Amino acid sequence: MINRIRAIRKSKGITLAELAEACDPPTTAQTIGRLETGMRNLSIKWMDRIGHALGVDPETLVRSEEAPQTQIVAELTAAGPEALNAPREAILPTDLAATSDGAQLMVLSVSASIGEFRPGDLLWLRQLKPEDAASAINRDCMVPRPGGRFTFGRLIDRRGTLVGILPPGSGEKQQVVDNPPWIAVAEMLVRRL
């Protein structure tokens with residue numbers, strides 16, 4: 001089995017010290033480093049602690065040696081594509097199905113061209129509590145409506161319990177939802193070429 005703790009930690013932008021502190025109970029950065037490099041045995045108990053601290057399922061911390069490893073080999077900059085000093089493992093969105101703050105991720109599938117979205121696009125959204133909606137202003141969001149329906153578009157207003165969403169289509173009117181149980185903010189767009 002291949003240990004993926006370092007790849008997942010780096011993809012989330014977390015330092016060894018931050019991960020060590022996020023563990024319950026907290027541990028040291030040196031211990032996390034030894035677990036990442038295999039100098040210390042990665043037990044099920046450690047997998048549970050580290051997985052919870054990273055906000056991922058513990059089983060994503062390891063992968064089979066036979067499984068193909070997709071790598072990030074270059075970075076596209078303003079000057080063009082540049083090779084990385086060392087390739088790093090690409091973590092699939094499904095491996096990160098929960099965020100470090102415990103928020104649930106969900107996916108909106110696009111079946112028609114609307115605004116900047118194309119058929120086949122998958123829009124990954126992170127679920128927020130209504131009181132955290134201020135962080136989603138001017139971002140694409142999905143909000144549940146009564147009767148099992150949803151509203152999707154740019155979150156343009158939040159007043160009390162009312163949420164204002166501007167749909168992505170041209171010329172559409174703002175939709176207002178009263179007291180939604182959650183708001184899901186767009187985190188990532190996956191588009192096949």
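This is a predicted model: local features need pLDDT of at least 70, side-chain atom pairs count only at pLDDT 80 or more; totals for chains, interfaces and linings use all residues.

Modeller: Residues are numbered from 1 along each chain as its sequence is written, and side-chain values use heavy atoms, with hydrogens and water left out.

Biologist: What makes the 17 residues a nonpolar core?

Modeller: The term denotes buried Ala, Val, Leu, Ile, Met, Phe, Trp, Tyr and Cys residues joined through side-chain atoms within 4.5 Å, where buried means under 20% relative accessible area (1.4 Å probe, protein chains only). The largest such core has 17 residues, and Ile5, Leu19, Ile32, Leu42, Ile50, Leu54 and Leu61 touch the most other members. Helices H1 (5-11), H2 (16-22), H3 (29-37) and H4 (44-54) each give two or more residues to this core; H4 gives the most, with 5. Helices are DSSP runs of H or I, at least four residues, and strands are runs of E, at least two, numbered from the N terminus.

Biologist: Which residues does leucine 42 touch, not counting those up to four places away in sequence?

Modeller: Leucine 42 touches Asn3, Ile5, Leu35, Met47, Ile50 and Val62, contact being heavy atoms within 4.5 Å.

Biologist: Why are strands E8 and E9 said to pair?

Modeller: Pairing requires at least two DSSP bridges between two strands. E8 (residues 149-159) and E9 (residues 162-166) run antiparallel and are joined by 5 bridges, so they pair. Arginine 158 has valine 163 in E9 as its bridge partner.

Methods. Buried means under 20% relative accessible area, exposed over 50%, partly exposed in between (1.4 Å probe, protein chains only).
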